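Please take a first look at this protein. The report below walks through its structure step by step.

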Amino acid sequence: VQLQASGGGLVQAGGSLTLSCVLSGDIFSTYVMAWFRQAPGEVREFVATISRYGGATTYYADSVKGRFTISRDNAKKTVYLQMNSLKPEDTALYYCAAEPRERPSDVYFRGASVINYWGSGTLVTVSS
């Protein structure tokens, strides 16, 4: 399984960005997908996750709830992270993650430790 994330960049505070991540090498719809982020000098933290198949269940970190939206397009094998009202504290390397067995609630409560597959990060920088 390979994950390729894209869409990062430099944006002013209050702006928007959409991250994308394409999964190859397996059946995308069977994976719980997630986004994590890591700021300089910080540990990797959970951002959002979406259930497999129809994506009916989502969880968000409190810090992004109401501003970020995770979604998936199984036909395109892609998971998205729409980020609105960006703040300087959202600056980080954003990682796409895929998990074939656990539930989205496991990703939410247990975090990075349950993730089997990671993509390379895409950098988001929010200027004040």
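A residue counts as buried when its relative accessible area is under 20%; it is exposed over 50%, and partly exposed in between. Ser29 has 19% relative accessibility, so Ser29 counts as buried. The model shown here is predicted.

**Around Ser29**

Where does Ser29 lie? Its place is the loop between β3 and β4, the latter covering residues 32–38. Leaving aside neighbours within four places in sequence, Ser29 is in contact with Arg52, Tyr53, Arg72 and Asn74.

Tyr53 sits in the loop between β5 (45–50) and β6 (58–60).

**The whole protein**

How many helices and strands are there in the protein? There are one helix and eleven strands. Along the sequence, the pattern reads β-β-β-β-β-β-β-β-β-α-β-β.

The protein has 128 residues, and a compact globule with that count would have a radius of gyration near 14 Å. The protein has 13 Å, which agrees. Along the principal axes, the C-alpha trace spans about 40 × 30 × 25 Å.

Of the 128 residues, 45% count as buried. The protein exposes about 6200 Å². Carbon and sulfur atoms supply 49% of that area.

Contacts also reach across the sequence. Take the contacts with a separation of 6 or more: residues 24 or more positions apart account for 58% of them.

**A four-strand sheet**

Four strands form an open sheet. Their order is β1-β3-β8-β7, and the pairing is antiparallel. Which strands are at the edges? They are β1 (2–6) and β7 (68–73), and each pairs on one side only. Neighbouring strands of this sheet are turned by 15° against each other on average, direction ignored.

Now follow the pairing of β1 with β3. These strands run antiparallel, and five bridges join them. Ala5 has Cys21 in β3 as its bridge partner.

**The disulfide**

A disulfide joins Cys21 to Cys96, with 2.1 Å from S to S. The protein's disulfide count comes to one. A disulfide is a covalent bond between the sulfur atoms of two cysteines.

Which parts of the chain does the pair link? Cys21 is in strand β3 (residues 17–24), and Cys96 is in strand β9 (residues 92–99). The two are 75 residues apart, so the pair links distant parts of the chain. The link of Cys21 and Cys96 is left-handed, with -85° about the S-S bond. Are these cysteines buried or exposed? Cys21 is buried, and Cys96 is buried too.

**Thr78 in strand β8**

Thr78 is found in strand β8. Its relative accessible area is 5%, so Thr78 is buried. Which residues does Thr78 touch, not counting those up to four places away in sequence? They are Ser20, Cys21, Val22, Phe28, Ser71, Arg72 and Asp73.

The contact with Ser20 spans much of the sequence: Thr78 and Ser20 are 58 residues apart along the chain. Their C-alpha atoms are separated by 6.6 Å.

Phi of Ser85 is near 50°, a positive value in a residue other than glycine. With a relative accessible area of 41%, Ser85 is partly exposed.

Asp106 is found in helix α1 (residues 104–110). At 10% relative accessibility, Asp106 counts as buried. Asp106 touches Gly111 and Val114, not counting residues up to four places away in sequence.

**Accessibility side by side**

The table sets out the residues discussed above.

| Residue | Relative accessible area | Class |
|---|---|---|
| Ser29 | 19% | buried |
| Thr78 | 5% | buried |
| Ser85 | 41% | partly exposed |
| Asp106 | 10% | buried |

Terms used:
Residues are numbered from 1 along each chain as its sequence is written. This is a predicted model: local features need pLDDT of at least 70, side-chain atom pairs count only at pLDDT 80 or more; totals for chains, interfaces and linings use all residues. Side-chain values use heavy atoms; hydrogens and water are left out. A disulfide is a pair of cysteine sulfur atoms within 2.5 Å. Buried means under 20% relative accessible area, exposed over 50%, partly exposed in between (1.4 Å probe, protein chains only). Two strands pair if DSSP finds at least two bridges between them. Axes are lines fitted to C-alpha atoms, for helices over the stretch in contact, and angles run from 0 to 180 degrees between N-to-C directions. Contact means heavy atoms within 4.5 Å. The radius of gyration is taken over C-alpha atoms; the globule rule is 2.2 Å times the number of residues to the power 0.38. Accessible areas come from the Shrake-Rupley method with a 1.4 Å probe; for residues, only the protein chains shown count as cover.
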